[in-house]
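Hi,

Here is the structure I promised you. Have a look at it first, then read on for what turned up in it.

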Amino acid sequence: MTLAYGTGSPGRRRFLGLCAGAGLGAAACTGSPVQPRTTAPTAGRPRPEAERDAPGTADWRLGATGPQDAVAGYTDRVSVTPGEEFALHVSTTAASFRVDAFRVGWYGGRQARLIWASGRIPGRARPAPRLLPKTRTVRADWPATLTVDTAGWPEGAYLLRLEAESGHRRYVPLTVRSTEGAGRTVLLHAPATWQAYNRWGGSSLYAGSPGDYASRSLAVSFDRPYDGSGADKFLVYERALVVLAERLGIPLAYTTGVDVHRDPSVLHGAHALVCLGHDEYWTPEQRAHVTTARDAGANVAFLGANTCFRRIRLEPGAGADARTVVCYKSSFRADPCYGSRPDLVTTDFRLPPAPDPESALTGVLYEGFPADAPYVVHAADHWLYDGTGVAAGERFPHLVGVEYDRVPHGSPLPGPLEITAHSPLVCQGRASHSDSAYYTTAGGAGVFATGTMRWVEALMAGTGELGRDHGMDGRARAFVTRTTENLLRTFAQGPAARHAPPPRPNTAAVYSAAG
């Protein structure tokens, strides 16, 4: 039974679902169409900054998840615009369940607000997932349980909390995306990366059900729940930055990498784009759109490491386009695009058959895993560190990890670049460095990369919020928080090269001194 909390036309989705359901996985060099989508007018919509001081909800956290089959679900779309509908697909061993939709934000420190709640909905345990043998793709393919109308929902990042009658709970993430980003700071969520690591049903892009790399999926589907809490990657690598940005009150917009791939219009006229703590998997189209925005003067912040490392394709799934993330990685010669469209072959961006290192955009290059090292300030007088009180050589234990980037010394750089932090480390027995770096472009954009995947996590260091903080403490939290505030406030003003001190190119000097 499907409960309708709104109306909609399923024709195109049903057609795509029937086409995809008849196949055995990606078998041709294809992708989801890249075209602008028609959306509802924005006049009268509540804007994110209006939510800053709204009353929050203390009871948004998860509690006990129970066994994996206790309750789980997924949406038929990674994002909607306010007023659009989405379908929620749920399986539970309980007789009934309910759904609460929480919008993540500042809310006076409560960090979320209850926007919508369902009544009790009859529960049903759904069958085991399908495995598409050609690409070892796991799909749940459950029928829709209810349809939700988002009329009146403010743009932003949402956690849909499923609560079974048994008391067990699990999240389903959803972005209520913005259609206009002019004059705003656009927060870019990373569902393709969430899905790449998702092992629900036994397989991810890293390992199959036996647990080994050789049996991994070559394509993964959004038509299944996420493992763990249902939103682990968002909670660890994204949520704290959303809360901080909303606390600052700067004009914000929200989108996902999947949406930028399809339609870059939210980036037109944007003052800044913020890529969050772990955003590894990008399509060539997404990368091209972000590069175009940068070249037009949009500032870009990379608040993690390993960003834009893997080239992917988005292909249809059970119910719509762009529901399957394809990445053959080291098996790229088996990619159907190999030999005909080298620019679409799904492997690391820096590798053949169409090498295009991510450093051309980020200014830094992913180098290694696992790492755990102090973050060492180099340019203590840089405007990013104003008000932190740091001195050159000051260290923040454990802030570098678990993956890291460095400036590719000796390789072409995307613009005049200054290394602001230069942190010695040892990764898999090899001595190296992690770098934070800032560069500017001819169009006026400023671009900053932290060079560490723990930056967003550090916004919660010492609070116990995540149950672990890698040894980072309140001192690291204060430093990262102030630095991030400086970054967001400066970037929110428009092209940073026009109003902030320029970078002082120092790559050769830094690496010469480091030996």
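P370 sits in strand 22 (residues 365-376), and a cis peptide bond with omega of about -5° links F369 to P370. There is another cis bond between G401 and V402, with omega of about -20°, and V402 belongs to strand 23 (residues 395-406). Most peptide bonds are trans, and most residues other than glycine have a negative phi. When I say strand or helix, I mean a DSSP run (E of at least two residues for strands, H or I of at least four for helices), numbered from the N terminus.

Before you go further: this is a predicted model, where local features need pLDDT of at least 70 and side-chain atom pairs count only at pLDDT 80 or more, while totals for chains, interfaces and linings use all residues. Residues are numbered from 1 along each chain as its sequence is written, and side-chain values use heavy atoms, with hydrogens and water left out.

Now for phi. Q111 has a positive phi near 75° without being a glycine; look for Q111 in the loop between strand 5 and strand 6 (112-117). R136, also not a glycine, has a positive phi of about 55° and is in the loop between strand 8 (130-132) and strand 9 (137-139). Are these residues buried or exposed? Q111 is buried, at 17% relative accessible area, but R136 counts as partly exposed at 27%. (Buried is under 20% relative accessible area, exposed is over 50%, and partly exposed is in between, using a 1.4 Å probe and protein chains only.)

Next, strand 11 (residues 156-164). Nine of its nine residues are buried, so the rest of the structure largely encloses strand 11. Strand 5 (residues 96-104) runs antiparallel to strand 11 and is joined to it by seven bridges, with F102 opposite L159. Strand 12 is also antiparallel to strand 11, through eight bridges, and there G156 faces V176. Two strands count as paired if DSSP finds at least two bridges between them. Four residues lie between the strands in the hairpin of strands 11 and 12, where G167 takes a positive phi near 95°.

Further along, you'll find an open sheet of seven strands with mixed pairing, in the order 15-13-16-18-26-25-24. Its edges are strand 15 (252-256) and strand 24 (417-427), each pairing on one side only. Inside this order, strand 25 (residues 430-440) and strand 26 (residues 446-449) run antiparallel with four bridges, and Y439 has V447 as its bridge partner.

Then there's helix 6 (residues 284-295), with 12 residues and a reach of 16 Å from first C-alpha to last, close to the 16 Å expected at 1.5 Å a residue. (The expected span is 1.5 Å times one less than the number of residues.) Which residues of helix 6 are buried? They are Q286, R287, V290, A293 and R294. Down the helix axis they fall within an arc of 125°, so they line one face of helix 6; the arc is that of the directions from the axis to the C-beta atoms. Just after helix 6, G297 has a positive phi of about 115°.

Last, strand 2 (71-75), strand 12 (169-176) and helix 2 (191-197) each supply at least two residues to the lining of the largest cavity. (A cavity is a set of points, on a 1 Å grid over the protein atoms alone, where a 1.4 Å probe fits but cannot get out; lining residues have an atom within 4 Å of a point.)

Key: Expected span 1.5 Å × (residues − 1).
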